[in-house]
Amino acid sequence: MDLKKKQILIFLIGWLSYASTYLLRKPLGVIKIDLESEVHLTKTQLGWLDTALLLPYAMMQIMLGPIGDRFGSRRTYGICLLLSAVSMATFGHWSSFVMFCVLLFLNGSAQSQCWPNCIKTLSSWYPDDSRNTVFGWFGTCAFAGGIMGTALAVHLQTTYGWRHAFLVPSICVAIMGVMVLFLFSQTSESGTEIPGKSSQSTTSKTDNSLTVLQASKIPMVMEVAVGVFCLKLVRYCMYMWLPMYLLKHLNYTKTQAGMFSTMFEIGGVAGSAAIGMVIDKCFKGQTLLGSTISILLSSVALMLFMVTSKWGLVVNSVCMLIAGAFNCGPDSLLGGSVPAELGEMDGKNAAAAVIGLVNGFGSIGTFLEGPIIGLLSDWYGWSSMFYFIIVLSLIGTASVYRASLIKKARQNANTLSAVLPT
């Protein structure tokens, strides 16, 4: 098999396998109304279920990071997919809040190692000059997976009941885990050299050369990390609570609420695929400035959704598509190619350390949304959810814009030093 075909095969397996992880995340948002009415969980308890899934996902991503380096990304990724599938296969057989939390904790822990090990393998197959393009297109898997996860969960919920919402997804994820174990190899395993890729032989030796504290002191890293934190928190608020908001506040039916909530992710697929090309063409590669404008436009779209929420399904859909495109578009760049570039500044070989810090910090936002939105909706009503995520989007805008100013100042300083006589 020639190199091009191998790259396509690796991309497709990586895309499908990581998209499948959302089949075991999205049903929780869809079945919350059933857990409230049939199992009699409070909104605060429903929020803690989100935390049970997302807290280990964030923390284990940082704590267990070396596992993939020690045992290999293919083995780690495949085994974690299988563990995720096994943990959620029996979810519908229980009616205990504690047991729900235990299963979700195991699922989150297993899935915490999926993204870093998937990206580690994928990045080994592509040259440096196509990194942004590959990350942009690969980022669509998260949003497409979310759409598929919601659609499948809604179908299983309405056809067979909420207790079957995790069984079929578990089978799908297990199949992908087996495929990864047999087919998703790194270039080092197959002895393949990638033209145009630097440091092919040194990356694995230097990934852990910086501590988290040292990585956080690299210019722009914490600004980007705060931006990713805000983006992910907003995104997971939409994932986990939008169906219930539509049911309770806008009086949608279960099917309408479940399917409409995918508008955010449909916009995310388009935004993720297009943002790399748009930034290269319109902003001449100024990724941070382009991401700043994208996040700001997402904030505007969310404001419009609040103002026009009673205007009907069509207007709601347009606003949510725009919000999803501009929120999710920068995610794969700010969580992938940008921190990789920052980690390589000034001759450093700290790309992996910076990517881990940015994504780990960003993922903290995903488990905070559960109790926060649960409490806000209980105390102040459903509108408070949108006020909260709009403020978050604006904070993310300011943080990424600050990073773009720092980068511009560094570039100007470098240009000045280059023209001045020594």
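Mentor: A disulfide here is a pair of cysteine sulfur atoms within 2.5 Å. By that rule the count is zero disulfides. Cys80 is in no disulfide either; its nearest cysteine sulfur belongs to Cys114, 5.5 Å away.

Some ground rules. This is a predicted model, where local features need pLDDT of at least 70 and side-chain atom pairs count only at pLDDT 80 or more, while totals for chains, interfaces and linings use all residues. Residues are numbered from 1 along each chain as its sequence is written, and side-chain values use heavy atoms, without hydrogens or water.

Cys118 is one of the buried residues of helix 8, along with Cys114, Trp115, Asn117, Ile119, Thr121 and Leu122. Helices are DSSP runs of H or I with at least four residues, strands are runs of E with at least two, and numbering starts at the N terminus. Seven of the ten residues of helix 8 (114–123) are buried, so the rest of the structure largely encloses this helix.

Step back to the whole protein. There are 22 helices and zero strands. The radius of gyration is 21 Å, close to the 22 Å from the globule rule for 422 residues, so the protein is as compact as a globular protein of that length. That radius is taken over C-alpha atoms, and the rule is 2.2 Å times the number of residues to the power 0.38. Of the 422 residues, 55% count as buried.

Salt bridges come next. Six are present (a side-chain nitrogen of Lys or Arg within 4 Å of a carboxyl oxygen of Asp or Glu). One of them joins Glu265 and Lys26 at 2.5 Å, N to O. Glu265 sits in helix 17 (262–282), Lys26 in the loop between helix 1 (3–21) and helix 2 (27–30), and the two are 239 residues apart. Both Glu265 and Lys26 are buried.

Arg402 pairs with Glu223, with closest N and O atoms 3.1 Å apart. Arg402 is in helix 22 (383–419) and Glu223 in helix 15, 179 residues apart. Arg402 is partly exposed at 49%, whereas Glu223 is buried at 15%. Asp331 also meets Arg235 in a salt bridge, at 2.9 Å, N to O. Asp331 lies in helix 20 (331–343) and Arg235 in helix 15, so this pair ties together parts 96 residues apart in sequence. Asp331 and Arg235 are both buried.

Most residues other than glycine have a negative phi. Asn251, between helix 15 and helix 16 (254–260), has a positive phi near 60°. Met220 is buried at 2%; Asn251 is exposed at 62%.

Terms used. Buried means under 20% relative accessible area, exposed over 50%, partly exposed in between (1.4 Å probe, protein chains only).
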